[in-house]
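Reader: I would like a close look at a single part of this model, followed by an account of the packing and pairing elsewhere in the chain.

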Amino acid sequence: MSDKKTIDVTNTPLIKIAYPLVIENLLFLAFNSVDIFMLSSYSDTAVAAVGLVTQYTWFIITFLQVIPNGATISLTNLLGGKKFDKAKFLSRTCLQMMIFFAIAIGLIFAVAVPQILKHYTLEDDVRQYATEYIFIYALFAVFTGISMIQSAILRSYGHTRTAMIINACANFVNIAGNAVALYGWFGLPVYGVKGVAFATVAAQAVGALILSLKVFSLSDTKYKFDKPFKLVSSEWKQILKIGVPTAGESVSWNLAQMAVMFLISFHGTASIAAFTYFGTILRFIYMIAISIGSAAQIKTGHFCGAGLQETAYKKLFIYIASGAAFSLSIAFIVYLFRRQMIGIFTSDYEIRYILLTIMPISFFLETGRAVNVIAIPSLMASGDIHFPVKAGIFSNWCISFGLAYVFSRILNWGFAGIIIAMACDECFRAIVMIFRWKSKVWMTKSAI
C-alpha cells in the first residue's frame with residue numbers, strides 16, 4: 001500500500017455526504033415507526049415494554065459507539081491529511097476491537113438488565129415482555145456492532161450512499177420478520193415480542209454481512225483482516241483515547257434518560273407508552289439535523305486533518321442554521337397534524353391526552369437539540385473532546401434529571417414537567433456549545 005494518492009476528501013460537498021444520511025435516517029424512522037405501529041396492533045403493553053427497554057438497547061449501542069466514534073474522528077483526520085495507509089491499518093483494528101467489545105457488552109447486558117427490571121414498578125406482562133426482548137437483543141449484539149463499525153468506515157471515506165442502501169435493506173428484513181412474528185404468516189404461530197426481537201437480530205446480521213462484503217470490495221476502503229488476534233497497542237490506544245470520552249457524553253445522556261424513565265414509570269403504563277410514542281414522533285423532527293450533524297463531523301474531521309480550521313469554523317454556523325431551520329419547520333408541520341399522527345399509533349384516550357399536552361414543548365426541545373447534534377460532533381472531530389463531555393454530564397444530571405425530579409415530584413407538574421426539564425437541558429447545552437465554538441479554543445486541540 002502507498003500514501004501516494006490524489007483523493008482530496010476536503011473537496012467533497014456536505015450535501016453529498018448528508019443527503020444519503022437523511023434518507024437513511026428517514027427510512028430508519030419509518031421502519032421504526034412501522035415497528036411500533038405493528039407492535040401497537042399486537043398490544044399497547046408490548047409497546048410499553050419495548051419502549052422501556054429501548055433505554056437499554058440504546059445504552060448498548062452507546063457503549064459500542066466507542067469504537068465507531070474513535071474510528072470516524074481518527075479516520076477522517078487521517079484521510080484529510082492524506083495518510084491513507086494508516087487509515088487502512090486503523091480500520092482493521094477497529095473491526096477487531098468491535099468484535100471483542102460487542103460480545104463482552106452483550107453478555108453483560110443479557111444477564112444484568114433482567115435483574116434490574118425486577119426493581120421497576122411495572123405490570124407483570126410489561127416486565128415479561130421487556131425481559132424477553134432485551135435478553136435476545138443483547139445476546140446477539142455482535143451483529144449490531146459489526147454493522148456500526150463497517151458503516152462508520154464507509155462514511156468516513158464519503159461512501160454514505162452505500163451505507164444507506166445496505167442499511168435500508170436490513171430494515172426491510174426487520175419489517176418482514178416482524179410481520180411473520182406478529183401476524184402468523186405462512187401458517188406460523190404468533191411469536192409476539194420474542195419474534196420481534198429475533199427479527200431485529202436477523203436484520204442486523206444481514207446488514208453486518210453485506211456491509212463487510214462492501215467494505216472489503218471497494219478499492220479505497222478495503223483492508224486486510226489477517227491475524228485477528230494480533231493486537232496493535234498504539235492503534236487501540238488511539239481509538240480508545242478518542243472513543244471513550246466521545247461516548248462519555250452519550251453514556252451520560254442515556255444514563256440520565258434511564259433515570260428519567262424511572263421517574264416516568266411512577267406515572268403508570270400509559271405514560272411509558274406515551275413517552276415511547278413521543279420519542280418516535282420527535283425522531284421525525286430531528287432526523288435532518290442529526291444527519292447534518294453526522295456529515296458535519298466528517299467534514300470537520302477532514303478540514304482539521306488538512307489544517308483548514310478556519311474553513312471549519314465558518315462552515316459550522318451554516319450547518320447549525322440549516323439544521324435548526326429544518327427542525328423547526330418539521331416541528332411546525334408535526335404540530336399542525338398532531339392529532340392525525342398520534343392517531344396512527346394509538347386510540348387510547350389517556351395516552352392521546354398526554355401526548356397532546358406535551359407536543360408544544362417539542363419546539364423548544366428540538367431547537368436546542370438541533371444545535372447540539374451538529375456542534376458537539378464537530379467539536380469532537382476537531383479534537384476538543386473533553387469539554388462537550390463535561391458540559392453534557394453536568395447538564396444531563398443537574399438540569400435534565402434534576403429539574404425532572406423537581407418539576408414532576410415536588411412541584412407536581414407530572415409527566416409534562418419531565419419533558420420541560422429535557423427541553424431545558426437541550427437549550428442550555430446548545431448555548432454553551434455555540435460559545436465554545438466561537439471561542440476557537442478547539443483550534444488548539446488535535447485528534448491525531
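Reader: Is Ser 151 buried or exposed, and what is its relative accessible area?

Author: Ser 151 is buried, since its relative accessible area is 3%, where buried stands for under 20% relative accessible area, exposed for over 50% and partly exposed for what lies in between, with a 1.4 Å probe and protein chains only. The model is a predicted one, in which local features need a pLDDT of at least 70 and side-chain atom pairs count only at pLDDT 80 or more, while totals for chains, interfaces and linings use all residues. Residues are numbered from 1 along each chain as its sequence is written, and side-chain values use heavy atoms, with hydrogens and water left out.

Ser 151 has its place in helix 6, which covers residues 141-156; helices here are DSSP runs of H or I with at least four residues, strands are runs of E with at least two, and both are numbered from the N terminus. When residues up to four places away in sequence are not counted, Ser 151 touches Asn 167 and Leu 211, a contact being heavy atoms within 4.5 Å.

Another helix, helix 4, can be examined for its length and its bend. Helix 4 has 34 residues (84-117), which at 1.5 Å a residue should span 50 Å, and the 47 Å between its end C-alpha atoms agrees with that; the expected span is 1.5 Å times one less than the number of residues. Helix 4 also has a kink of about 25 degrees at Ala 110, shortly before the proline Pro 114, the bend at a residue being the angle between axes fitted to the seven residues ending there and the seven starting there.

Charged side chains come next. The structure holds seven salt bridges, each defined as a side-chain nitrogen of Lys or Arg within 4 Å of a carboxyl oxygen of Asp or Glu. In one of them, the side chains of Glu 366 and Arg 369 meet at 2.8 Å, N to O, and because these two residues are three apart in helix 14 (residues 362-382), about one helical turn separates them. Arg 369 also meets the side chain of Glu 426 in a salt bridge, at 4.0 Å from N to O. Glu 426 lies in helix 16 (residues 414-439) and Arg 369 in helix 14, so this pair ties together parts that are 57 residues apart in sequence. Arg 369 counts as buried at 10% relative accessibility, and Glu 426 is buried with a relative accessible area of 4%.

Since Arg 436 belongs to helix 16 and Asp 384 to the loop between helix 14 and helix 15 (386-410), the pair ties together parts 52 residues apart in sequence. Arg 436 counts as buried at 16% relative accessibility, and Asp 384 is buried with a relative accessible area of 2%. Through shared partners, salt bridges join Glu 366, Arg 369, Asp 425, Glu 426 and Arg 429 into one network.

A search of the whole structure finds 19 aromatic pairs, counted where the ring centres of Phe, Tyr and Trp (its six-membered ring) lie within 6.5 Å, with planes under 30 degrees apart called stacked, over 60 edge-to-face and the rest tilted. Among them, Phe 275 and Phe 415 form an edge-to-face pair, 6.2 Å centre to centre and with 90 degrees between the planes. Phe 275 lies in helix 10 (residues 269-305) and Phe 415 in helix 16, so the pair ties together parts that are 140 residues apart in sequence. Phe 275 counts as buried at 9% relative accessibility, and Phe 415 counts as buried at 7%.

Tyr 313 and Trp 437, by contrast, form a stacked pair, 6.5 Å centre to centre with 5 degrees between the planes. With Tyr 313 in helix 11 (residues 309-336) and Trp 437 in helix 16, this pair ties together parts 124 residues apart in sequence. Tyr 313 counts as buried at 14% relative accessibility, and Trp 437 counts as buried at 2%. Tyr 313 and Trp 437 form one aromatic cluster together with Phe 317 and Trp 442.

Finally, the cysteines. A search of the whole structure finds zero disulfides, a disulfide being a pair of cysteine sulfur atoms within 2.5 Å. The sulfur of Cys 304 is 19 Å from the closest cysteine sulfur, that of Cys 94, which is too far for a bond. Cys 304 is buried, with a relative accessible area of 11%, whereas Cys 169 counts as partly exposed at 39% relative accessibility.
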